Amino acid sequence: MSSNLVSPLRLVVLISGNGSNLQAIIDEINSNNLPAEIVAVISNKADAYGLERAKKANIPQHFLSHLDYDDRKQYDLALQSLIDQFKPDLIILAGFMRILSDEFVEHYSHKMMNIHPSLLPKYKGLNTHQRVLDAGENEHGCSVHFVTAALDDGPVILQATVAVNENDNAETLAVKVHKQEHRIYPQAIRMFAENKI
Ligand code: GRF
């Protein structure tokens, strides 16, 4: 019997911490707003709360510690071989706090997305909220982009902007930016699934 059903996009999500972006993606899939399936969540940190979130959602979770490998190249090779067992269509970096080797990035060229808490190309790197405040900016935001070899670089897919008010601090800005991250990350994945990028 023929079917018009298109198989869902297979996602592998890499995390190191809280996993609130992972949760936003899980929620969108469960609400049938995102034609995707998370086939594995992988963390380099054993205590990443995102692993709990995956467990609660019945998603296979894996912990692969970078401390068990001699160098970045060895770790990235092991990570690549783990990821590829799941035959993903797209790799999602969601707070994965690792610099990636050029070989790893090249292997997933145009198949790996990241979310960064700034309006790229501004404020690459860490502590973006405080740096935005220190610079006296009146707007801030987040960006979903394809991953290329340079840190927090690569073609931007979607951005969202938030206003910086005079009573904002790094914590209030983080809350505002996170809210936008949870909106645009699933949206960018949907665009990829629908071949709209
Ligand atoms: C987010 O702020 C994201 O922009 C950055 O890492 C953080 C991850 O947060 N890349 P969470 O683990 O998804 O809550």
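**View 1. A salt bridge joins Arg-190 and Glu-28.** In this predicted model, the side chains of Arg-190 and Glu-28 meet with an N to O distance of 3.2 Å. A salt bridge here is a side-chain nitrogen of Lys or Arg within 4 Å of a carboxyl oxygen of Asp or Glu. The two partners are 162 residues apart and link distant parts of the chain, with Arg-190 in helix H6 and Glu-28 in helix H1. Helices (H or I, at least four residues) and strands (E, at least two) are DSSP runs, numbered from the N terminus. Searching the whole structure turns up five salt bridges.

**View 2. The ligand sits in the largest pocket.** A pocket is an open set of points on a 1 Å grid over the protein atoms alone, where a 1.4 Å probe fits, with protein on both sides within 12 Å along at least five of seven lines. To "sit" there, a molecule must have more than half of its atoms within 2 Å of the pocket's grid points. Helix H1 (20-30), strand E5 (112-116) and helix H6 (170-193) each give two or more residues to the shell around the ligand.

**View 3. Meet the neighbours of the ligand.** Asn-18, Gly-19, Ser-20, Asn-21, Gly-95, Ile-115, His-116, Pro-117, His-178 and Glu-181 surround the ligand, each with a heavy atom within 4 Å of it. Two of these shell residues are nonpolar, seven are polar and one is charged; in this grouping Gly counts as polar.

View 4. Pro-121 is found in the loop between E5 and helix H5 (128-134).

**Notes.** Residues are numbered from 1 along each chain as its sequence is written. Local features need pLDDT of at least 70 and side-chain atom pairs pLDDT 80 or more, while totals for chains, interfaces and linings use all residues, and side-chain values use heavy atoms, leaving out hydrogens and water.

How values were computed
1 Å grid on protein atoms, 1.4 Å probe; cavity = no way out; pocket = protein on both sides within 12 Å on 5 of 7 lines; lining within 4 Å.
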